[in-house]
Amino acid sequence: MKKVKVGIVGMGVPSRGGGKNFIDIFREEGRAEVIAVCDIIEGRAKQAAKEKNIPYWFKDYEKMLKLKELDLVVVRTDDKNHAPISLASLDSGRDVLVEKPMAIKMEELEAMVKKVEQTKRILMVNYILRYNPIYQLVKRHADKRMFGKIFYIQREYLHNLDKESILTGTWRAKKDEFHTPICGGGCHAIDTFRWILEDEAEEVFAYGTKMAYSKEDYSFPDSIVALIKFKKGAIGKIHASFGCILKYCADLQVMGTEGSFVGNKFYYSTQEEEALSINLDYPGHPFQPLVKDLLDSVIARKSPPIDVYDGANASSIAFAIMESLNTKKPVKPKVFLRKI
Ligand SMILES: NC(=O)c1ccc[n+]([C@@H]2O[C@H](COP(=O)([O-])OP(=O)(O)OC[C@H]3O[C@@H](n4cnc5c(N)ncnc54)[C@H](O)[C@@H]3O)[C@@H](O)[C@H]2O)c1
């Protein structure tokens with residue numbers, strides 16, 4: 001079988017790897033091969049090509065898109081470049097795996113949805129936490145209706161980017177990237193809610209503060225608490241913060257009429273001794289199963305499990321939360337209805 005030929009845009013800062021980390025994942029998967037790498041910082045593309053033995057490297061993604069044999073583009077740049085690179089890739093007839101957030105403006109979400117509908121290309125969004133084993137277990141319990149009717153869902157996105165040296169002085173701190181704790185990180189939580197509840201948001205409301213990270217170069221609140229009312233009645237709460245003195249935390253709570261998931265335990269009664277503790281590792285970002293699902297979709301020409309509508313609706317809710325912070329009023333997010 002012919003291998004899917006992949007080009008990756010955005011190699012990442014050398015200490016973290018970013019897009020470069022995908023090269024081995026595609027190689028190990030077996031049904032794809034990375035034939036091109038691209039980074040606006042030429043040295044990063046060159047170095048990745050040399051180290052991983054990749055035939056082509058580019059500084060300019062438009063030149064990479066001229067490679068005839070290319071099938072699939074992975075977009076792993078800063079947030080504001082996700083939409084333009086994805087749209088150009090779809091226009092050139094390629095499938096796309098784009099990082100979250102899919103885009104940073106409503107017009108970009110609209111353009112991407114339209115483009116996928118017109119071109120029928122595959123676009124998958126890297127909401128990797130759907131592949132986390134703990135979340136998958138909770139989702140299975142929800143699908144089997146073991147929680148009964150879910151009335152409350154809560155998730156944290158607590159990630160001290162500054163302590164990891166990836167905020168101050170980087171693209172994440174720039175105003176035009178709109179990398180707010182909700183749009184840049186909390187979008188993971190929004191995606192988790194939509195996925196578990198299989199529902200869309202009707203209305204959101206939020207408070208934010210800028211007390212934890214006081215540096216001038218970041219112009220957004222560093223901590224945001226958002227409430228989401230879902231159409232079928234459930235309520236969601238997110239605390240997204242870039243400033244907590246804490247290790248990365250993505251804890252999830254689900255409460256239903258028949259059971260709850262709190263503190264990594266399943267409760268099907270109110271007795272603590274009857275709670276079911278789970279003993280699973282927390283490999284937060286298991287990229288291998290996501291890449292497998294992506295290639296299944298690309299090869300079979302079927303919709304990916306996290307498609308353009310998922311990416312658009314998660315970001316649309318995040319934008320509504322930011323609007324609520326500004327207007328101090330509840331906001332009804334735009335919902336993108338699945339047409340394909
Ligand atoms: N899914 C997840 O869980 C997850 C985790 C971390 C980061 N991310 C997302 O991945 C993206 C990258 O984050 P990162 O931490 O790897 O950032 P990074 O700064 O380490 O890497 C981004 C890379 O893109 C390159 N780049 C920027 N503009 C470019 C362009 N026009 N053409 C080619 N290359 C370009 C930069 O030079 C850099 O090497 C962000 O959107 C971030 O939100 C997602």
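Trainee: How do the residues of the shell around the ligand divide by type?
Mentor: The shell has 9 nonpolar, 8 polar and 8 charged residues. Asp, Glu, Lys and Arg count as charged; Ala, Val, Leu, Ile, Met, Phe, Trp, Tyr, Cys and Pro count as nonpolar; the others, Gly among them, are polar.
Trainee: And which residues are closest to the ligand?
Mentor: G10, G12, G18, I40 and E99 are the closest of the 25 residues around the ligand. A residue counts as near if its C-beta atom, placed from the backbone, lies within 6 Å.
Trainee: What kind of model is this?
Mentor: A predicted one: local features need pLDDT of at least 70, side-chain atom pairs count only at pLDDT 80 or more, and totals for chains, interfaces and linings use all residues. Residues are numbered from 1 along each chain as its sequence is written.
Trainee: New topic. What is the strand order in the sheet?
Mentor: The open sheet of 6 strands runs β3-β2-β1-β4-β5-β6, with parallel pairing. Strands are DSSP runs of E, at least two residues, and helices are runs of H or I, at least four, numbered from the N terminus. Two strands pair if DSSP finds at least two bridges between them.
Trainee: Which are the edge strands?
Mentor: β3 (56-58) and β6 (123-126), each pairing on one side only.
Trainee: Is β4 buried or exposed?
Mentor: On one side L72 and V74 are buried, and on the other V73 and V75 are too. Buried takes 20 or more other C-beta atoms within 10 Å of the residue's own, with C-beta atoms placed from the backbone.
Trainee: What is the bridge partner of V74 in β5?
Mentor: L97. β4 and β5 (residues 95-99) share 4 bridges in the parallel sense.

Key:
A residue is buried if 20 or more other C-beta atoms lie within 10 Å of its own, exposed if 12 or fewer, and partly exposed in between; C-beta atoms are placed from the backbone.
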